[in-house]
Each structure stands twice: as structure tokens, then as C-alpha cells.
Amino acid sequence: MEAHRILVVDDEVKMRRLLEMSLKNMGHEVAQAADGEEAMACFAEAPFDLVMTDLKMPRMDGMQLLKTLRERGEEVPVIVLTAFGSIETAVEAMKLGAADYIIRPFEMETVELAVTRALAMGAVQRENRFLRDEVAKGWGEFIGRSPKMRQLYELIQQVAPARSSVLIVGETGTGKELVARAIHQASGRGGLFVPINCAAIPAELLESELFGHQKGAFTGAHRDRMGKFELANGGTLFLDEITEMPLALQAKLLRVLQEGNVERLGAQRAVKVDLRIVAATNRDPQQAVAEGAMRQDLFFRLNVVRVDVPPLRERREDIPSLAGHFLQKYSGELGRPAPELSEATMQSLLAYPWPGNVRELENLMERAAVLCRGKTIEPQLLPQDITHAAAPPAPAVSAGGIAEFDSLTLVGHVESLEKQLISAALERCADNKSAASRLLGVSERTLWYKIKKYGL
């Protein structure tokens, strides 16, 4: 049985000790409080998976405790214990959100059954809240039978059952998260798959997202919040763009990997977690270590098993099946039959280098499905850079061009050239920032900064 943290709230010392012994025999960790106010103080120090509370207590009784927990946004299951076993009292407690009630005197078997049910209910509620956000994304399926993809499938099957950390390396748009989800699904781990993009969240908020926080831990922390580490307990945490994580936070991640403990911001106690870490990057991780963007000790800890995801240009034989799949998908959403790709269109797709990889191909097929009014997609519906299958010329400053500048300052010319290069990359990648940053050889965060700087 998985161990949980349970808070027993009762003004009778003997009853608290009796319940503590029973719950510890079930393998749980138990804390005690003499009334509702002490219970709320306990919540300020650490989270709990279940509360068992008496109804009649001094200062703050069980009903008021239940109301206060719900007002604070705490969705922890609550079991009410009462010697005043009227139906009206039980119904009122259930209306306020109690998971169950037990009438005194009771048998320990009754307590054990109620605790097991309430913990299971709490786990389901947490998963439902998370899956409501995830369900729109879909779990997806791999498409492609090229030799490189067959090798990838085989490696996933070998890696999945192990508990080892995994580092997925691949260009933007190759499907690194899909690989991570496949590893989780094949692992047999019963918990959630929890993804988080380290580059998409500001550095000052990323720590709170991962570790969670207690109410009042910082300005704006109006309620307790569970972090991604705790949410992924029993499952898999996927850290995308790991090389974009601040170095100070990388050190804390390393400690979680080594000790298996997580401490919320503002909490006084650590929580034990059992999760698998799968990380991903679109950079060469060893180069990131050399450049100081990634801690070497974290790299060694994550790089137990490395999975390389091939770019689309290295598995061009999969392009017809991928394109067909996306056309079916988006034409179905539009309520239309899927058009076919003409031979000339397919030749353009096969010749194009796909800097944005599968994601770029998917976006293009969605565009084609929207614009196509016939039964066949001709090259005219494709952007010119795809039909020409050639990179745009690199911006250059000629002698005549230099003469046209009012100033010959190096900074001015460098900024002008930088602006032209960024504009060309954005145009080439259909305004896809991730693909453009890859093309320019900079991080996505750096590209966003430059875009803002130059007002692009």
C-alpha cells in the first residue's frame, strides 16, 4: 500500500492515539491536532492527503474546519467522526464536501475501509483535474515505418520498463514529447504523465510550478498549490527544454533526483515522491554543458539512457503517410473529404528540408486543408519556399549599401544585419519561433528578446 500523509483532528488524546496507531499499521504517516486551529497550522507547514476530524471540538470545530479548508481551495478529502450521529449532521457535512463520515463507536475495520475509499477518491479527483487540461492534447500515435523510426520504437520498448532517467535529444518539432509519452505508457507506471516546458515559463515562476508552494510563500500565493513533482508521484515528469532551466534550479532538480524528496516553497517539511524523470532538449547537451547552460552533474544523472529522435529530413519516406494523416485529421474537423496531394506537390514536400520537422508539416497540411476547394492539392497552395525547396539568400551589405548608411558604426551595422537575419528566419519558418530559433542557432528565449528589441 502506498504511504500517505494523514492529519487526525480530535480534542481527545486517547482517540487521536488510537487512530494514529491504526493508520500507522496501514503504513501511513500521521500528524495530530487537538482542534481546527491547530489543524490549519499543520496545513501551513506541509500538505496532507487526508483529514480525519471530530465534529465537536473547542475553538474551531469540525464543521468550521471543513468550511475553512474549502474556502482556502484545499480539496483534500475529509472524513468526519461524530458521536452525534444524526442523519442531518452527516448530510450537512457531506454537502460541505466531506468524503465520508463515521459514527462513534466504530470498529477499526470501518475506519480502514473509509480511509482507503477516501484516499482513492482523492487520487481520482486530482487526476481528473489534471486530465481535464490534458485531454484536448490527445495522446497521439507514431506514424512512420522508416528504418530510423523502427529503431526508435525498439529503443522505447527497451527503455520503458526501467526506472532509469531518460534524456531525449532532437530538433524542434520532431516529437520529443510524443516519445516521452510513449515511454510512460509502456512503462506500466500507474501515475500521471506530467509535461512542463522549461523554456515557456519565466524563470521566477518555474520553481513554484515544479515544487508547488504554501499559502503566503510569496506575493500572490493566496492558496496552497501542488507542484508538478507531487502531481507526477507514481508516474512520469517530462521536463522539455531542460537546458533552458536556470542553473540554480537545476541544482534543486538534481537533489530531487538523488534524494526523492520535494519541499514546497514556504513549507517546513519535505514530501517523499516516487517518479520517473524524462527530460528533453533540442540542443547538443554536451555542448550546453561546455557553454555553461547545463550542469555537468545533472547531465550525467539524466543521461542514463539517451534517445535521439531523427529529424524529418532524415526519414523522408515517412512524409507521404504523415501528410496523409494530417490531411485526414484537419479535413475531418472541417467536415470535408480529405483531398489528395498531386505528384508535383508531393515532390515539393519530399525535396523541402523541413527545419520545423513534423510540426511544420502538420501546420502546412492544416493550411492546405483549409484553403483547398477541390479534390487535389496543387503546388500553388504551398508557400513559395516549399515549392522552390531552397533557402532564402543570406542578407548581405554591399559597398553601395554601406554608402547609404548615415553612420559607419559597427553596432549599427551589426544590429541591422541581425534584424535582417531574424526577419528572414521568421519568414522561412512561417513565423514559427521555435523553428526560427533553431535555424538561427539561438535559444527561443533569446529570439523572443530580439523580436521585442527590434519591434518585429
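**Figure 1. Arg-315 and Asp-318 form a salt bridge, with 2.9 Å between the closest N and O atoms.** A salt bridge here is a side-chain nitrogen of Lys or Arg within 4 Å of a carboxyl oxygen of Asp or Glu. The model is predicted: local features need pLDDT of at least 70, side-chain atom pairs count only at pLDDT 80 or more, and totals for chains, interfaces and linings use all residues. Residues are numbered from 1 along each chain as its sequence is written, and side-chain values use heavy atoms, with hydrogens and water left out. Arg-315 is buried, and Asp-318 is buried too. Buried means under 20% relative accessible area, exposed over 50%, and partly exposed in between (1.4 Å probe, protein chains only). Accessible areas come from the Shrake-Rupley method with a 1.4 Å probe; for residues, only the protein chains shown count as cover.

**Figure 2. Ser-146 sits in the loop between helix H5 (108-134) and helix H6 (147-159).** Helices (H or I, at least four residues) and strands (E, at least two) are DSSP runs, numbered from the N terminus. The relative accessible area of Ser-146 is 2%, so this residue is buried. Setting aside neighbours within four places in sequence, Ser-146 is in contact with Arg-315, Glu-317 and Asp-318. Contact means heavy atoms within 4.5 Å. Two of these names return from Figure 1: Arg-315 and Asp-318 are the salt-bridged pair.

**Figure 3. A salt bridge joins the side chains of Asp-274 and Arg-163 (2.9 Å, N to O).** Asp-274 lies in the loop between strand E12 (271-272) and strand E13 (276-281), and Arg-163 in the loop between H6 and strand E6 (166-169), so the pair ties together parts that are 111 residues apart in sequence. Asp-274 is partly exposed, at 34% relative accessibility. Arg-163 is exposed, at 61% relative accessible area.

**Figure 4. Further salt bridges.** The side chains of Arg-295 and Asp-297 meet at 2.7 Å, N to O. Arg-295 is partly exposed at 29% relative accessibility. Asp-297 is also partly exposed, at 31%. Elsewhere, salt bridges link Asp-10, Glu-12, Asp-54 and Arg-104 in a network. The count for the protein comes to 25 salt bridges.

**Figure 5. Five strands make an open parallel sheet, in the order E2-E1-E3-E4-E5.** Two strands pair if DSSP finds at least two bridges between them. Strand E2 (29-33) and strand E5 (100-103) are at the edges with a single partner strand each, so one side of each has no neighbour in the sheet. On average, neighbouring strands of this sheet are turned by 20° against each other, direction ignored. Axes are lines fitted to C-alpha atoms, for helices over the stretch in contact; angles run from 0 to 180 degrees between N-to-C directions. Strand E3 (residues 50-54) and strand E4 (residues 78-82) run parallel and are joined by four bridges. Val-51 has Val-78 as its bridge partner in E4. Helix H2 (residues 36-45) packs on the sheet and touches strand E1 (5-9), E2 and E3; the directions of H2 and E1 make about 160°. Helix H3 (residues 62-71) lies across E1, E3 and E4, at about 150° to E3.

**Figure 6. Strand E13 is largely enclosed by the rest of the structure, because six of its six residues are buried.** In a regular strand, side chains alternate between the two faces of the sheet. Both faces of E13 are covered. One side holds Arg-276, Val-278 and Ala-280, the other Ile-277, Ala-279 and Thr-281, all buried. E6 runs parallel to E13 and is joined to it by four bridges. Ile-168 stands opposite Ala-280 in E13. Strand E10 (residues 236-240) is also parallel to E13, again with four bridges. Here Leu-237 stands opposite Ile-277.

**Figure 7. Helix H20 (residues 444-454) has a buried side and an exposed face.** Its buried residues are Leu-447, Lys-450, Ile-451 and Tyr-454. They cover an arc of only 100° around the axis, so they lie on the same side of H20. The arc is that of the directions from the helix axis to the C-beta atoms. The face turned away from the buried side carries the exposed residues Tyr-449 and Lys-452. Just after H20, Gly-455 has a positive phi of about 65°.
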